[in-house]
Every structure is written in structure tokens, then in C-alpha cells.
Amino acid sequence: SDMSLLRRATALLLAVVMGAAVFASPLTAHALSAADFIAKTYAWAQSEERTYGVPASVAMAQSMLESGMGESGLTTKANNWFGIKCSSTASPHQNGCHTVQTIEYDANGNAYTTTAKFRKYDTSELSFIDHGRFLSISSRYAKAFNYTNNPDRFIYEVHMGGYATDPLYANKVINLMERYSLYQYNLTEPSTSASELVIRPATRANVGATANVTGLLSPGGGGRAVWTQVMTPSGWSTRQKATTGTRGQFSLPLTYGANSVGVQQYRVQAASAQGTETSAEFTVDRLGVIRVDSVASVLVGQTARLTGTATGYAGRAITAESLSSGDWKVHASGTVAADGSFDLPLTLGNSAGGAWSVRAALTTGSGAKITSSQVQAQWTYPVTLTASAAGSKLVGQDTNTWGTATGAPNVEVWTEVQVG
């Protein structure tokens with residue numbers, strides 16, 4: 001399938017970009033070798049650079065990553081080398097859309113699979129030209145074009161503009177440019193200006209989950225010391241230290257307070273040739289988890305209870321939400337107790353029986369909304385059962401029992417006999 005091919009190609013590329021052995025097993029018949037890929041695409045990438053200013057090395061590395069070295073179904077079936085999606089405004093270079101499964105990342109950096117429509121092209125070269133057009137006409141990527149002579153910074157600005165949801169996307173592109181010496185295909189002379197520090201931090205993560213700040217010290221920032229600092233009650237404290245990659249790229253974990261709910265303030269510093277560079281300050285919001293218990297079934301007219309825990313959120317307002325016509329609506333409100341527990345009334349079945357999907361939700365001090373998993377709340381009608389029998393019968397004769405089960409229409413009914 002397209003997705004399995006993409007996964008195999010992506011696995012090969014991840015071995016490259018993460019520094020593992022290159023191509024531990026032979027490429028499939030559909031994938032291009034690195035040399036063939038470069039020979040096939042460099043002229044298209046240079047044409048894109050002449051037309052729109054996108055460094056050829058960036059276009060080539062992005063297309064390597066996005067197309068799975070030319071193996072993905074999106075590339076082979078739709079000539080789409082960059083994973084550009086269809087939108088409400090069609091490009092003059094595309095010819096319709098192609099639907100495939102794709103991997104995206106949520107706000108917490110967790111991967112998930114979804115289905116999306118992507119642009120389809122008559123030729124591969126049109127995909128490269130449209131890639132340049134796509135970046136150049138969007139205000140989100142305008143800052144990148146200040147760095148057309150610095151491919152590494154260019155892709156970082158594109159990434160920060162929202163091009164990809166993968167938190168390591170820019171570093172992966174840089175690693176590919178370096179691994180395959182793609183910088184030699186650029187038409188613009190490289191920058192020789194002073195190093196600048198740019199970062200892309202995670203700003204939200206669940207308690208206990210991994211959170212990182214990726215960044216770049218460029219140009220000329222390879223092999224330099226870089227470290228994180230966190231604001232503590234006694235001031236800025238240095239935490240994680242590392243050395244930048246050969247192109248100045250880095251990724252540092254954000255570990256302070258990782259196991260507690262709350263907001264931590266960070267910054268990054270790096271030792272450039274000019275001195276110490278300091279990034280803008282940023283915060284990481286550590287989010288707790290709301291856990292809910294199963295809801296016990298009750299009779300119509302009775303009140304059910306949504307109970308659970310929201311550890312770390314004592315004293316915060318919490319709500320019970322019910323799913324109605326595809327939308328979650330607030331049903332009841334309460335406050336998280338000192339021990340993190342909560343108990344919310346559910347009255348959805350006061351006048352009619354049935355089942356409702358419910359969940360708990362709260363808003364953190366930083367304004368983030370977190371929700372629990374959903375559970376089912378069931379209201380049933382009280383059942384009144386009456387039965388009558390025909391009385392005594394001779395041995396060998398059939399007999400019957402009959403009656404009513406008020407409040408239980410269309411359900412199975414059976415007889416039981418007491419023996420002994």
C-alpha cells in the first residue's frame with residue numbers, strides 16, 4: 001500500500017537523518033538511490049531557486065524527506081514531492097487532488113495517522129515550481145526569504161512558519177543537506193555574516209512526557225556549546241548542556257519540573273564566535289491528566305455521577321460535558337477537591353432513558369483546555385414484571401405463563417423453575 005511504502009522509505013531516511021548506518025538493507029525497486037535522486041531533481045531545484053529564491057539544497061532535502069526518496073505513493077501517483085495539501089484556493093500548477101493517509105503531529109508532539117487531500121501535478125518539475133510559489137506567496141514564510149543565502153536558517157524559518165508538524169523537521173532537512181552534500185547545488189553564495197541563534201521550543205507537554213527545544217546557531221555555529229536555562233526562585237539556572245551539530249543544529253530536552261503540573265520559564269544560550277547568544281524567553285506548560293471512572297447506570301429520573309481525579313488541579317473549576325449532535329456541551333460544573341478528586345452530577349436522563357457520551361474538562365492557569373477520555377452514562381426505565389399461569393395440568397399436558405414487563409419493550413423474557 002502507499003502507506004506501507006512510505007513507512008519503509010521513511011525508516012530508511014530516519015536512519016540517515018538520525019546518524020545511523022545508511023541503507024542497512026537494499027532499497028526496494030521503487031526507491032531511488034541518493035545519487036539517482038540527486039541527478040533527477042537538482043535541475044528542478046535550481047529552476048525553483050532561480051524563479052522564487054528557495055535554496056536548491058532545501059528543495060532537494062525537503063523532497064527527499066517528503067517523498068521517501070521518491071518512493072511514496074503521493075510522489076509516484078501524483079508527482080507531489082513535497083506533501084503540499086490541497087486548499088480552498090487551487091494553484092495554477094496543480095491538476096486536481098490526490099487523497100492518501102498521512103502522519104501528523106498534535107500540539108504535544110504525538111504522531112497520529114489521518115487522511116488528507118494533496119495537490120496533484122502533471123509533471124514532477126511543476127511540483128518543485130509550485131513548492132517555491134507556495135512558500136513565496138504565504139506571509140507565514142516571508143521571514144525565510146531574508147535568508148536565501150543561508151539554507152539552514154531558511155528551513156528553520158519555514159518550519160517555524162508552520163510548514164510541518166514534526167518537531168524535528170528542520171533538523172532532519174539540515175541533516176539530509178549535510179549527509180548528501182546538497183549545498184553545492186545552491187546558486188546563491190553562502191552567507192558569511194555573524195552567527196544568530198534561533199529556536200523552536202515545545203510550549204506544551206503532558207506531565208512526564210518528553211519535551212524539547214530545537215534550534216540553530218548559524219552561520220558558522222557548528223561544534224559550539226549550547227545550553228538551556230530555567231527560571232528558578234533564585235534566578236536563571238543552567239540545566240541541559242550539549243554541543244551543536246556541524247551545521248549548528250541542536251535539540252535539547254526540557255526536563256525541569258517535567259513531573260509536575262505547571263508552567264516553567266526557559267531560555268537557550270549558545271557560545272558563538274562573537275560571544276554568548278541568548279534566545280527569547282519561552283514557557284513550557286506541563287499539563288496533568290484527567291481520569292474518569294465508569295458511570296454507574298441509574299433509573300430514569302435519577303442523578304448519575306461523573307467521578308474521577310485531576311491531579312495537580314486542586315481548586316480549579318471542572319465541568320462535565322455531554323456529546324450532542326457532534327458537539328461537546330457543558331452539562332454540569334464543580335471544583336476539583338484538595339486531593340484532586342471531583343464528583344459531578346449528571347441529569348441527562350431525568351425525563352427519558354438512553355445513553356449519553358460524557359467527559360470531564362477544565363482550563364489550566366495558562367488557558368489550555370484539557371479533557372478526559374469519554375465514558376457512557378446510561379439511564380434505564382424501571383421495570384414492573386407480572387406473570388400469570390394456567391394452574392394445574394395433568395402430566396404430559398402443555399401449559400403457558402403470560403404477563404407484562406412494563407418499562408422493558410422489545411427485550412428477551414424467559415421462565416425459571418425452582419427444583420427441589
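Let me begin with Arg 305, which counts as partly exposed at 39% relative accessibility; here buried means under 20% relative accessible area, exposed over 50%, and partly exposed in between, with a 1.4 Å probe and protein chains only. Its side chain meets that of Asp 343 in a salt bridge, at 2.8 Å from N to O. By salt bridge I mean a side-chain nitrogen of Lys or Arg within 4 Å of a carboxyl oxygen of Asp or Glu. This pair links distant parts of the chain, since Arg 305 belongs to strand E14 (residues 304–310) and Asp 343 to strand E17 (residues 341–346), 38 residues apart. Asp 343 also counts as partly exposed, at 44% relative accessibility.

The model is predicted, so local features need pLDDT of at least 70 and side-chain atom pairs count only at pLDDT 80 or more, while totals for chains, interfaces and linings use all residues. Residues are numbered from 1 along each chain as its sequence is written, and side-chain values use heavy atoms, with hydrogens and water left out. Helices (H or I, at least four residues) and strands (E, at least two) are DSSP runs, numbered from the N terminus.

How many salt bridges are there by this rule? The count comes to eight. One of them joins the side chains of Asp 130 and Arg 119, at 2.8 Å from N to O. Here Asp 130 sits in helix H5 and Arg 119 in strand E2 (residues 111–119), 11 residues apart. Both of these residues are buried. Elsewhere, Arg 153, Glu 157 and Glu 196 are linked in a network of salt bridges.

Asp 166 is buried, with a relative accessible area of 11%, and Lys 172 is buried with a relative accessible area of 11%. In helix H7 (residues 169–179), nine of the 11 residues are buried, so the helix is largely enclosed by the rest of the structure. Among the buried residues of H7 are Tyr 169, Lys 172, Ile 174 and Met 177. H7 is followed by Ser 181, whose phi is positive, near 50°.

I turn now to helix H2. Its 19 residues (34–52) should span 27 Å at 1.5 Å a residue, and its end C-alpha atoms are 25 Å apart, which agrees; the expected span is 1.5 Å times one less than the number of residues. H2 bends by about 40° at Thr 41, the bend being the angle between axes fitted to the seven residues ending there and the seven starting there. The buried residues of H2 include Phe 37, Ile 38, Thr 41 and Trp 44. Against what do the buried residues of H2 pack? They pack against helix H3 (56–67) and helix H5 (124–137).

Next, the disulfide. Cys 86 and Cys 97 form it, with their sulfur atoms 2.0 Å apart; the rule is a pair of cysteine sulfur atoms within 2.5 Å. Cys 86 lies in the loop between helix H4 (73–78) and strand E1 (97–105) and Cys 97 in strand E1, so the pair ties together parts that are 11 residues apart in sequence.

Finally, strand E9 (residues 262–272) runs antiparallel to strand E6 (residues 225–232), joined by five bridges; two strands pair if DSSP finds at least two bridges between them. Val 230 stands opposite Tyr 266 in E9. Five bridges also join E9 to strand E11 (residues 282–287), again antiparallel. A hairpin of two residues connects E9 to E10.

Terms used
Contact means heavy atoms within 4.5 Å.
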